[in-house]
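Take a look at the model below.

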Amino acid sequence: MAALPSLTVSQWFALVHPVLIILFVYPVIGATIRLGILARERRLQLNPIAPTVPVEHVEHGRWATGGLLLAVLFALGHGLADGGAGLATWLVVSLQAAAVAAAFVALLRTRRLMFRLLCAWSCWLFLLLISLQPLLIVERSRLPSAIWESHTWGGLALLALLLFTMAVQREIAGRLWMRQLHVSLNVLVALLLATQAVTGTRNLLLG
């Protein structure tokens, strides 16, 4: 029986992104969806569940978004390391990554809707700027095929939806049209999660 080949540091680094997605993000999103269904049943008085379920639904959504954000930053970092990024590039990207983290923390703490939307937009924008680094391979096929066929653009679209949902979370409970929008957006989130699983596996197989 042949011995398994040892992995390089770069290959181990490359595994951080899919491992985080498989072992943390997808299970937490699954729990978030289940808690959302239970919260709806409680609101419609179909299921006498604990009043803490809606709060748990929100918290799980935040953990899933934060986990996905961290996994994407690891993937982008590996891409830069694999491309031989210089000190100047790492400095710029480090500042942008710090801005992503700061905007996400501010999003968690800010109460006013306008500021929450601004924080969500800033978080996504700085992540986009990192993704557009010349050393990173970003598929630039035309929309809408890029969303469904590109792992990069699909991931950015997924994060945009999740960050927007976090930004308007306080308004969802009190407004029917916001709840309807929330459900519609999360159907799209589920579709993107499925396509991300396919394109991510494809990219791993193709190396």
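## A salt bridge within one helix

The side chains of E59 and R62 form a salt bridge, with an N to O distance of 3.5 Å. The model is a predicted one. Both residues belong to helix α2, which covers residues 53–82. They are three residues apart, so about one helical turn separates them.

How accessible are the two partners? E59 is partly exposed, with a relative accessible area of 34%. R62 is also partly exposed, at 23%. For both, the value lies between the 20% limit for buried and the 50% limit for exposed.

The structure holds two salt bridges. Besides the E59 and R62 pair, the side chains of E171 and R116 meet at 3.0 Å, N to O. E171 sits in helix α7 (residues 169–172), and R116 sits in helix α4. The pair therefore ties together parts that are 55 residues apart in sequence.

Is E171 buried or exposed? E171 is buried, with a relative accessible area of 13%. R116 is buried too, at 3%. Buried means under 20%, so both residues qualify. As a general point, side chains of opposite charge can pair when their charged atoms come close.

## Helix α4 against helix α6

Two packed helices are described by the angle between their axes and the distance between the axes. Start with helix α4 (residues 113–131) and α6. Their axes come within 9 Å and cross at roughly 165°. Angles over 145 degrees count as roughly antiparallel, and α4 and α6 are therefore roughly antiparallel to each other. The crossing of α4 past α6 is right-handed.

Which residues of α4 and α6 meet? On the α4 side they are L113, R116, L117, A120, C123, W124, L127, L128 and S131. On the α6 side they are W153, L156, L159, A160, L163, F164 and A167. By class, this contact has 14 nonpolar residues, one polar and one charged. R116 is in this contact, and R116 also takes part in the salt bridge with E171.

## Helix α3 against helix α6

Helix α3 (residues 87–109) packs on helix α6 (residues 151–167) as well. The angle is about 35°, and the axes are 9 Å apart.

From α3, the residues F104, L107 and L108 take part. They meet L163, M166 and A167 in α6. This contact has six nonpolar residues, with no polar and no charged ones. L163 and A167 of α6 meet residues of α3, and they meet residues of α4 too.

Terms used: Residues numbered from 1 in each chain as written. Predicted model: local features only at pLDDT ≥ 70, side-chain atom pairs only at ≥ 80, totals over all residues. Heavy atoms only, no water. Axes fitted to C-alpha atoms, helices over the stretch in contact; angles between N-to-C directions. Helix = DSSP H or I, 4+ residues; strand = E, 2+ residues; numbered from the N terminus. Contact = heavy atoms within 4.5 Å. Nonpolar A, V, L, I, M, F, W, Y, C, P; charged D, E, K, R; others polar. Parallel < 35°, antiparallel > 145°, perpendicular 65-115°, else oblique. Left-handed = near helix turned anticlockwise from the far one by under 90°. Salt bridge = Lys/Arg side-chain N within 4 Å of Asp/Glu carboxyl O. Buried < 20%, exposed > 50% of the residue type's maximum accessible area, 1.4 Å probe, protein only.
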